[in-house]
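Q: I have a structure open and would like to go through it piece by piece. Can we start with the helices and then move on to side-chain contacts?

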Amino acid sequence: MSMENEGATRSSRIVGELRQRIEAGALAPGDRVPSTREITREWGVAMATATKVLTELRREGLVRAVPGVGTVVATPAVQAAPAAVTPAPAPGGAPPPTRRSAPDQALTLDRIVAAAIAVADAEGMDAVSMRRVATDLGVATMSLYRHVADKDDLLMRMMEAAFAPWSFPADPPEGWRERLTLAAGMLWDVYRGHPWLASAMSLTRPQVVASAMPFTEWVLAALDGRGLDFGTVFTTHLTLFNYIRGTAVNVELEAEAEAVSGLDNDSYMDTQEQAMNEILATGRFPTLARLAATGYDFDLDYLFEFGLQRLLDGIAVLLDSAR
């Protein structure tokens, strides 16, 4: 048996085992399935074989990629509703009374926005369309237009809803640094929960999102009255916002890359290891080679926190110079 055929046989066997776990309920909808790295360890196969396994499971609709989580068991598709039966004519030949379907009667703006956010959270903003949202709600596409003007209007309402749960404390911390740390952490958590949100928000053409304005107010109030002119205060606020947003954009990019390739970040880095080692073996990058030998576990949350503290260090110098 050729190596290629052997790899295909092993991947089919692993797919069968994971399929059996899913069908038996050992892996329930929403449960995380083994990553490519975990598959290579558990079954002792190559990375290419592990990638084929997840690709086949996705092709069968058994798993899907979830931003910030990984590959999880997909929720079984909702069975199509039986075709509507046309009522028989009323006695005397009068046509039967027509009634709107129950979904149309219950359709609200909140339901539309919630459905759109659910699609964007799971599949990215590109997957959101009026038709897709209507399909998920089980209503006619045109019925959505009684509540939202178009997709741009829907996106604005999605952003409003994403920030709506915000609640800054009535009694802020004493120090400016503590206040900015709190605000930055809250914004990061919102972006983490909604990977599409960072890309949707613009720095150069900011949308007027009322529920997001508490962040701006909180940061400005924390810096106001500390010796800086208003222009510098607002520029500092924009710098902080753009740092958080710019880092959070990678959440969506990573989710999209994983969905397309079937590889999580660790698995992708494994595929690059040989090429990197070949470059480092040339001796052209001795410092990088020495540091790479110690290993590095990439963690986006740690990267965010490290950069945030360095940014706050710089703001501290700015405030000291103003005094």
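Q: Which residues of H8 are buried?
A: This is a predicted model, so everything here is computed from it. In H8 the buried residues are Trp 176, Arg 179, Leu 180, Ala 183, Ala 184, Met 186, Leu 187, Trp 188, Val 190 and Tyr 191.

Q: How many residues does H8 have, and how far does it reach?
A: Helix H8 covers residues 176-193, which is 18 residues. From first C-alpha to last it reaches 26 Å, close to the 26 Å expected at 1.5 Å a residue.

Q: Switching to annotations. Where does UniProt put the "DNA-binding region"?
A: The UniProt record, an unreviewed entry, places that feature at residues 129-148. In the model, the end C-alpha atoms of residues 129-148 are 12 Å apart. The span is 40% helix and 0% strand.

Q: What does Arg 132 form a salt bridge with?
A: Arg 132 forms one with Glu 123, where the closest N and O atoms are 2.7 Å apart. Arg 132 also forms a salt bridge with Asp 136, and there the closest N and O atoms are 3.2 Å apart. Salt bridges that share partners join Glu 123, Arg 132 and Asp 136 into one network.

Q: Where do Arg 132 and Asp 136 lie?
A: Both lie in helix H6, residues 130-137. They are 4 residues apart, about one turn of the helix.

Q: Leu 137, then: buried or exposed?
A: Leu 137 is buried, with a relative accessible area of 13%. Its place is in helix H6.

Q: How many salt bridges does the count come to?
A: The count comes to 9 salt bridges. One of them joins the side chains of Arg 21 and Glu 42, at 2.8 Å from N to O. That pair links distant parts of the chain, with Arg 21 in helix H1 (residues 3-24) and Glu 42 in helix H2 (residues 36-43), 21 residues apart.

Q: What are the accessibilities of Arg 21 and Glu 42?
A: Arg 21 has 28% relative accessibility and counts as partly exposed. Glu 42 is partly exposed too, with a relative accessible area of 46%.

Q: Aromatics next. How many aromatic pairs are there?
A: The count comes to 9 aromatic pairs. In one of them, the rings of Trp 166 and Phe 215 have their centres 6.3 Å apart and their planes at 55 degrees, so the pair is tilted. This pair links distant parts of the chain, 49 residues apart: Trp 166 is in the loop between helix H7 (151-163) and H8, and Phe 215 is in helix H10 (residues 213-223).

Q: Trp 166 and Phe 215: buried or exposed?
A: Trp 166 counts as buried at 14% relative accessibility. Phe 215 is buried as well, with a relative accessible area of 3%.

Q: What about Tyr 243 and Phe 304, and why is that pair stacked?
A: Their ring centres are 6.1 Å apart and the planes are at 15 degrees, so the pair is stacked; stacked means planes under 30 degrees apart. Tyr 243 lies in helix H11 (residues 230-261) and Phe 304 in helix H14, so the pair ties together parts that are 61 residues apart in sequence. Phe 304 counts as buried, at 3% relative accessibility.

Q: Which rings are linked into a cluster?
A: Ring pairs link Phe 163, Trp 166, Phe 168, Phe 215, Trp 218 and Phe 241 into a cluster.

Q: Last one, the surface. Which residues form the nonpolar patch?
A: Tyr 296, Phe 298, Tyr 302, Leu 303 and Phe 306 form that patch, and together they have about 580 Å² of accessible area. Of these, Phe 306 is placed in helix H14 (residues 300-322). Phe 306 is partly exposed, with a relative accessible area of 43%.

Note on methods
Residues are numbered from 1 along each chain as its sequence is written. This is a predicted model: local features need pLDDT of at least 70, side-chain atom pairs count only at pLDDT 80 or more; totals for chains, interfaces and linings use all residues. Side-chain values use heavy atoms; hydrogens and water are left out. Helices (H or I, at least four residues) and strands (E, at least two) are DSSP runs, numbered from the N terminus. The expected span of a helix is 1.5 Å times one less than its number of residues. Buried means under 20% relative accessible area, exposed over 50%, partly exposed in between (1.4 Å probe, protein chains only). UniProt positions are given in the numbering used here, feature names are shortened, and annotations may be inferred rather than shown by experiment. Patches are made of residues with over 30% relative accessible area and no salt bridge: like charges are joined within 9 Å, nonpolar side chains (Val, Leu, Ile, Met, Phe, Trp, Tyr) within 5 Å. Accessible areas come from the Shrake-Rupley method with a 1.4 Å probe; for residues, only the protein chains shown count as cover. A salt bridge is a side-chain nitrogen of Lys or Arg within 4 Å of a carboxyl oxygen of Asp or Glu. Rings of Phe, Tyr and Trp (its six-membered ring) pair if their centres lie within 6.5 Å; planes under 30 degrees apart count as stacked, over 60 as edge-to-face and the rest as tilted.
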